[in-house]
Amino acid sequence: MDNSSREPKPLPGPEDIQALLEFLPIFEKPDFVFGEEVGLEKQDDGTITLPHYTMSLEARRFRRVLHDCGFIRSFDWGKWKHEAVRYMDEPSSLETADLDTLCKLLTLHVRQERFCDGHLASMYECGHLTAILRQMVTILDRI
């Protein structure tokens, strides 16, 4: 089947945005920890666990809501990455971002996590994920 003939999925609706916004107060807590880096570990049986990043329960729930509520979009995020960098380098540009752009950013970050363990955590730690959620508040207020 030719994927180009398929209609794009509709953007997330108000209920979906509200479900995602439940994470804003969690992410804004000063003591919230997105996860932790686990170092190289040698087990008693001689097996070795390579270093990896383990997300907290809330961070995993956040990622699940992104998928379940339609924020993860199907598009060529690799080609769009240069645009995403602009939003990360110029945080004030998020203030004019629409819902489609925010979905693209979230999609890119979730996809990057597959290739770079801890990418989502770094986006949280630099304030980018929280800034995206704050812009979602503005968008929800307009709907």
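The accessible surface of the protein is about 8700 Å², and carbon and sulfur atoms account for 51% of that area. The model is predicted. Of its 143 residues, 42% count as buried. The C-alpha atoms fill a box of roughly 55 × 45 × 30 Å along the principal axes.

**Secondary structure and contacts**

- The protein has 7 helices and 4 strands.
- Read from the N terminus, the order of elements is α-α-β-β-β-β-α-α-α-α-α.
- Taking contacts between residues at least 6 apart in sequence, 66% join residues at least 24 apart.

**Packing of helix 3 and helix 5**

- Two packed helices are described by the angle between their axes and by the distance between the axes.
- Helix 3 covers residues 57-68 and helix 5 covers residues 99-115; the two pack at an angle of about 125°, with axes 11 Å apart.
- Helix 3 is therefore oblique to helix 5, since angles of 65 to 115 degrees count as roughly perpendicular and those over 145 as roughly antiparallel.
- The crossing of helix 3 and helix 5 is left-handed.

**Residues at the helix 3 and helix 5 contact**

- Helix 3 contributes Phe-62, Leu-66 and His-67 to the contact.
- Helix 5 contributes Leu-106, Val-110 and Arg-111.
- By class, the contact of helix 3 with helix 5 consists of 4 nonpolar residues, 1 polar residue and 1 charged residue.

How values were computed
Residues are numbered from 1 along each chain as its sequence is written. This is a predicted model: local features need pLDDT of at least 70, side-chain atom pairs count only at pLDDT 80 or more; totals for chains, interfaces and linings use all residues. Side-chain values use heavy atoms; hydrogens and water are left out. Axes are lines fitted to C-alpha atoms, for helices over the stretch in contact, and angles run from 0 to 180 degrees between N-to-C directions. Angles under 35 degrees count as roughly parallel, over 145 as roughly antiparallel, 65 to 115 as roughly perpendicular and the rest as oblique. A crossing is left-handed if the near helix is turned anticlockwise from the far one by less than a right angle, and right-handed if clockwise. Contact means heavy atoms within 4.5 Å. Ala, Val, Leu, Ile, Met, Phe, Trp, Tyr, Cys and Pro count as nonpolar, Asp, Glu, Lys and Arg as charged, and the others, Gly among them, as polar. Buried means under 20% relative accessible area, exposed over 50%, partly exposed in between (1.4 Å probe, protein chains only). Accessible areas come from the Shrake-Rupley method with a 1.4 Å probe; for residues, only the protein chains shown count as cover.
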